[in-house]
Amino acid sequence: MVDHFDARLVKLARKGDQGAFAELVDLYKDKIFHLGYRMLSNRHEAEDIVQETFLRVYKNWERYDEKQKFSTWIYRIATNLCIDQLRKRKPRYYLDAEMNDQEGMDGYTLIPGDDRTPETEYLVSETQQLIHQAIEGLPVKYKSVIILRYLQELSLQEIGDVLDMPVTTVKTRVHRGREFLRKKLEHKVL
C-alpha cells in the first residue's frame, strides 16, 4: 500500500505538484536523516545529506525509472552522497567520541525501556556505543551494507538495488562486515 501511495505522489511530483513533493519530503526526510546519521555520525552532515538528496531528486526526475520503487532510488541517492562525504573526510580516530550531540547518550538510550535497572541501562548503553564505534570503523563498502541491512532494515535485494550491485555481492559484504565487527568486538562485549 505504501508503494502505491509513493507511486501516486511521485507521479504528481514529477508533473510539478509542489504539495506532492512536500509529502514525499515528509515521508522520507527522517529515514534519510537516520541513514545519513548512521553512516556519517554527524548531525550537521546528516542534515546536509537530507537537503542534498531532495535537491537531487527534484532536479533529476527525468532519471527516475518508474519501474523501480521510489524508496530504492532515494536511498541510492542518499547512500551515494554519504559515501562521497566519507571519502572526502580525512581519517579521524577517537575512541571516546560521543555518539550524539548530547553528552553520554546515543539514539538507543532515548528509546523507552522496559523494566531495566540503571545498571542494565548503563551496560546496554555501553554495549550499543561499542557497536556503533565498531560500525564507524568499518571500511565504507562494508559500513554502507551493514547500516542499510541492520539499521535501515532493508532486504538484500533492496540493498543491491540501492547500491547498484548484485545480491551475491551484498551477501558477501554483509558477511564480511559482520565478521569484521565480530573480530573487533569479541574481546570488548560481555
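These legends describe close-up views of a predicted model.

**View 1. The largest nonpolar core.** This core has 47 residues. Those with the most contacts inside it are Leu24, Ile32, Met39, Val57, Trp61 and Phe70. Eight helices, α1, α2, α3, α4, α5, α6, α7 and α8, each supply at least two residues of this core. In soluble globular proteins, nonpolar side chains tend to be buried together.

**View 2. The salt bridge between Lys143 and Glu136.** The closest N and O atoms of this pair are 3.2 Å apart. Lys143 is buried, at 2% relative accessibility. Glu136 is partly exposed, at 29%.

**View 3. The salt bridge between Arg14 and Glu66.** Here the closest N and O atoms are 2.9 Å apart. Arg14 lies in helix α1 and Glu66 in the loop between α3 and α4, so the pair ties together parts that are 52 residues apart in sequence. Arg14 is partly exposed, with a relative accessible area of 29%. Glu66 is partly exposed too, with 44%.

**View 4. The salt bridge between Lys69 and Glu158.** The side chains meet at 2.8 Å, N to O. Lys69 sits in the loop between α3 and α4, while Glu158 belongs to helix α7, so this pair links parts that are 89 residues apart in sequence. Lys69 is partly exposed, at 33% relative accessibility. The model has six salt bridges, including this one.

How values were computed
Residues numbered from 1 in each chain as written. Predicted model: local features only at pLDDT ≥ 70, side-chain atom pairs only at ≥ 80, totals over all residues. Heavy atoms only, no water. Core = buried A, V, L, I, M, F, W, Y, C linked by side-chain atoms within 4.5 Å. Buried < 20%, exposed > 50% of the residue type's maximum accessible area, 1.4 Å probe, protein only. Helix = DSSP H or I, 4+ residues; strand = E, 2+ residues; numbered from the N terminus. Salt bridge = Lys/Arg side-chain N within 4 Å of Asp/Glu carboxyl O.
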